[in-house]
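Visitor: I would like to learn how to read a structure like this one. Please take me through some features, one at a time.

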Amino acid sequence: MMDVPHDRQQLGAYVTGLVNQKLLLQNEYLAAENRILRAHLPACMRLSDPQRSTLAEIGKRLGRSALQQVACIAKPDTILAWYR
C-alpha cells in the first residue's frame, strides 16, 4: 500500500503541472494575438495617464527582464519610469 501523503503530493504535482501548461498555452496564444493586432496599429500611440499607470504597475511586478520580452508599446525603461 502506498503512503497517503506521498499520493497527495504526486496528485498535487500533477494538477499543478496541468495548470502551468494551460497558463503557458494561454500566454503563448495572447502573445501571438497581440503581435497580429499590433501589426494593424499606427506606429505611434498616445496613452492616457490611467493606461500608463496600469502598464507601469504590471510592468513593475513583472520585472525588467520579463518586461523586455513582452513590452512593445514602450521601452521597458520607459514603462518602469512611469511607475516612479
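This is a predicted model: local features need pLDDT of at least 70, side-chain atom pairs count only at pLDDT 80 or more; totals for chains, interfaces and linings use all residues.

Guide: Residues are numbered from 1 along each chain as its sequence is written, and side-chain values use heavy atoms, with hydrogens and water left out.

Visitor: At what angle do the axes of helix α2 and helix α4 cross?

Guide: Two packed helices are described by the angle between their axes and the distance between the axes. Helices here are DSSP runs (H or I, at least four residues), numbered from the N terminus. Axes are lines fitted to C-alpha atoms over the stretch in contact, and angles run from 0 to 180 degrees between N-to-C directions. For α2 (residues 49–62) and α4 (residues 76–83), the axes come within 8 Å and cross at roughly 105 degrees. The two helices are therefore roughly perpendicular to each other (the class from 65 to 115 degrees).

Visitor: Which residues make the contact?

Guide: Contact means heavy atoms within 4.5 Å. From α2 come R52, L55, A56, E57, G59 and K60, and from α4 come I79, L80, W82 and Y83.

Visitor: Which residues of α4 are buried?

Guide: Buried means under 20% relative accessible area, exposed means over 50%, and partly exposed lies in between (1.4 Å probe, protein chains only). In α4, the residues P76, I79 and L80 are buried. They cover an arc of only 95 degrees around the axis, which puts them on the same side of α4; the arc is that of the directions from the helix axis to the C-beta atoms. Their cover includes α2 and α3 (64–70).

Visitor: How many disulfides are there?

Guide: A disulfide is a covalent bond between the sulfur atoms of two cysteines. The rule applied here asks for a pair of cysteine sulfur atoms within 2.5 Å, and the count comes to 0. C44 is in no disulfide, as the nearest cysteine sulfur, that of C72, is 15 Å away. That is too far for a bond. C44 counts as exposed at 60% relative accessibility, and C72 as partly exposed at 48%.

Visitor: Where is H40 placed?

Guide: H40 is in the loop between α1 (4–38) and α2, and is exposed, with a relative accessible area of 66%. H40 and V19 are 21 residues apart in sequence and 32 Å apart in space, C-alpha to C-alpha.

Notes:
Angles under 35 degrees count as roughly parallel, over 145 as roughly antiparallel, 65 to 115 as roughly perpendicular and the rest as oblique.
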